Amino acid sequence: MIGRDDVEKRLGTLDAEIRQCNLCPERDQFPATSRTFQLGSQKNVLFIGRDPAKEGWRKSGTAFFKTDGSMLQSGKIFSNQLKEVGMEIEDITFVELIKCFPVGDKMRNPRRSEIENCRRWLDRQMGILRPKVIVPMGKECYEFFRRKRVSSLSACIERTESVSYHGIPVVPIFHPSSANQKCNWRNVVILKGIMEEFGGD
């Protein structure tokens with residue numbers, strides 16, 4: 001079994017490669033403090049977001065945190081959900097589909113071509129981490145692994161769809177945002193099930 005230090009070293013080497021990627025014409029420069037992964041104490045469960053918040057961990061270096069050390073609103077909500085299953089936000093292992101955000105001040109959704117350009121990096125990160133389960137956060141992120149559009153993430157979760165990526169089970173949760181607060185308790189239920197099935201050594 002690969003040790004934690006070796007995993008972090010290999011992810012760091014890959015991180016340096018990702019910084020040199022120029023496949024997308026509209027890409028920002030990686031700040032010196034940024035990282036494309038968070039390696040927490042819980043490595044079996046890989047949480048995956050869609051793309052980095054412009055003032056979030058791409059600048060702060062810590063997932064769900066701003067540069068001033070305060071937590072993003074989504075981080076506050078997600079942190080409360082994790083605490084319900086006995087975890088802290090620093091415990092999670094986390095990456096994103098899109099490794100950088102477009103240049104300019106106006107935020108936009110990532111293009112399909114940008115998502116596909118980043119697929120190689122995500123696959124290599126997962127090859128190093130070797131998680132037991134993938135947990136996409138939100139509908140758009142889940143669509144990537146489901147390989148088709150999703151009209152309702154809630155319906156997909158209720159049906160307990162059987163989806164896998166490279167043989168790894170995919171279990172989605174709702175994106176932890178203020179707009180999804182009614183789904184908070186449902187995330188807690190899903191997270192409890194994930195940790196019971198996949199959280200052990």
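Strand 1 and strand 3 (residues 133–136) run parallel and are joined by four bridges. Here strands (E, at least two residues) and helices (H or I, at least four) are DSSP runs, numbered from the N terminus, and two strands count as paired if DSSP finds at least two bridges between them.

A quick word on the ground rules: this is a predicted model, in which local features need pLDDT of at least 70 and side-chain atom pairs count only at pLDDT 80 or more, while totals for chains, interfaces and linings use all residues. Residues are numbered from 1 along each chain as its sequence is written, and side-chain values use heavy atoms, with hydrogens and water left out.

**The chain as a whole**

The protein chain holds seven helices and five strands. Read from the N terminus, its elements follow the order α-β-α-α-β-α-β-α-α-β-β-α. Of its 201 residues, 51% count as buried; buried means under 20% relative accessible area, exposed means over 50%, and partly exposed lies in between (1.4 Å probe, protein chains only). Among contacts with a separation of 6 or more, 70% are between residues 24 or more positions apart, a contact being heavy atoms within 4.5 Å.

Three of them form an open sheet in the order 2-1-3, with parallel pairing. Strand 2 and strand 3 each have a single partner strand and stand at the edges, so one side of each has no neighbour in the sheet. Direction ignored, neighbouring strands are turned by 30° against each other on average.

Strand 1 (residues 42–49) is mostly covered, with seven of its eight residues buried. Five bridges link strand 1 to strand 2 (residues 92–96), and these two run parallel. Towards strand 3, Val45 stands opposite Val133, and Leu46 has Ile134 as its bridge partner.

**Helix 1 against helix 4**

Two packed helices are described by the angle between their axes and the distance between the axes. Helix 1 (residues 4–19) and helix 4 pack at about 170°, with axes 10 Å apart. The axes are lines fitted to C-alpha atoms over the stretch in contact, and angles run from 0 to 180 degrees between N-to-C directions. The two helices are therefore roughly antiparallel, a label for angles over 145 degrees. Helix 1 brings Val7, Arg10, Leu11, Leu14, Glu17 and Ile18 to the contact, and helix 4 brings Trp121, Arg124, Gln125, Ile128 and Leu129. These residues divide into seven nonpolar, one polar and three charged. In this scheme Ala, Val, Leu, Ile, Met, Phe, Trp, Tyr, Cys and Pro are nonpolar, Asp, Glu, Lys and Arg are charged, and the others, Gly among them, are polar.

Trp121 sits in helix 4 (residues 112–129). Why does Trp121 count as buried? Because its relative accessibility is 10%. Leaving out residues up to four places away in sequence, Trp121 touches Leu14, Glu17, Ile18, Cys21 and Lys99.

The largest nonpolar core has 56 residues, of which Phe47, Ile48, Phe78 and Phe145 touch the most other members. Helix 4 supplies the largest share of this core, seven residues. Such a core is a set of buried Ala, Val, Leu, Ile, Met, Phe, Trp, Tyr and Cys residues joined through side-chain atoms within 4.5 Å.

Helix 5 is mostly covered too, with six of its eight residues buried: Cys141, Tyr142, Glu143, Phe144, Phe145 and Arg146. They pack against strand 1, helix 4, strand 3, helix 6 and strand 4 (164–165). Beyond four places in sequence, the contacts of Phe145 include Ile48, Leu122, Ile134 and Val163.

Just after helix 5, Arg147 takes a positive phi of about 65°. Arg149 lies in the loop between helix 5 (139–146) and helix 6 (153–158). Is Arg149 buried or exposed? Arg149 is exposed, with a relative accessible area of 67%.

Here are two residue pairs to look up:

| Pair | Apart in sequence | C-alpha to C-alpha |
|---|---|---|
| Trp121 and Ile18 | 103 residues | 7.1 Å |
| Arg149 and Lys139 | 10 residues | 8.9 Å |

Conventions:
Parallel < 35°, antiparallel > 145°, perpendicular 65-115°, else oblique.
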